[in-house]
Amino acid sequence: MGIGQDVHAFAASNEPTELWLAGLHWPHQQGLTGHSDADAVAHACCDALFSAAGLGDMGAHFGTDRPELVGASGAALLAEAAHITRQAGFTIGSIAVQFIGNRPTFGPRREEAQQVLSEAAGAPVAVSATTSDGLGFTGRGEGISATATAVLTLRQ
């Protein structure tokens, strides 16, 4: 079992960017800052896989020193993380991830997000969402956070 966490700030209003979260494009929403698409939900899933397999973290595999990953899709990174995990001899049982933030309103797109992330991981991904009741940077609307767990088994 492994745990992954990712945090990204919203881009400044004078720096319009597209929002990608849980493998989905969220039109008319201010995007997040980051080297790739800043999809904190997908990134937390990647880190949970790497943690469970003892393979380091996203920085070790998809570091900011790799210019070819500028703007890379979180879903594509999750697919690659799942591939790396399988290559290391593991089967992915499931991933659970929780998005923490005031926006976007996640509930109406939960099923779609689960489908996209499950396809990328090649395993079931359950997505939940919550707010922080106005507390901290997520509560102030400055950014978002995501925490994921992954269950793996070692192939015999």
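Tutor: Two strands pair if DSSP finds at least two bridges between them, and strands (E, at least two residues) and helices (H or I, at least four) are DSSP runs numbered from the N terminus. This is a predicted model, in which local features need pLDDT of at least 70. Residues are numbered from 1 along each chain as its sequence is written.

Student: Why are β1 and β6 called paired?

Tutor: Strand β1 (residues 2-9) and strand β6 (residues 143-154) share eight bridges in the antiparallel sense; the definition asks for at least two, so the strands pair. In β6, glycine 143 is the bridge partner of alanine 9.

Student: How do you know that β4 and β5 pair, and in which sense?

Tutor: Six bridges join strand β4 (residues 90-100) to β5, in the parallel sense; because at least two are required, they count as paired. Alanine 96 has alanine 126, in β5, as its bridge partner.

Student: What makes the pairing of the open sheet mixed, and what is the strand order?

Tutor: The order is β1-β6-β4-β5, with mixed pairing: β1 and β6 are antiparallel, whereas β4 and β5 are parallel.

Student: Why are β1 and β5 called edge strands?

Tutor: Each of β1 and β5 (125-130) pairs on one side only.

Student: How do you know that helix α3 packs on the sheet?

Tutor: Helix α3 (residues 74-87) touches β4 and β6, where contact means heavy atoms within 4.5 Å. The direction of α3 makes about 145° with that of β4; axes are lines fitted to C-alpha atoms, for helices over the stretch in contact, and angles run from 0 to 180 degrees between N-to-C directions.

Definitions and conventions. Predicted model: local features only at pLDDT ≥ 70, side-chain atom pairs only at ≥ 80, totals over all residues. Heavy atoms only, no water. Buried < 20%, exposed > 50% of the residue type's maximum accessible area, 1.4 Å probe, protein only.
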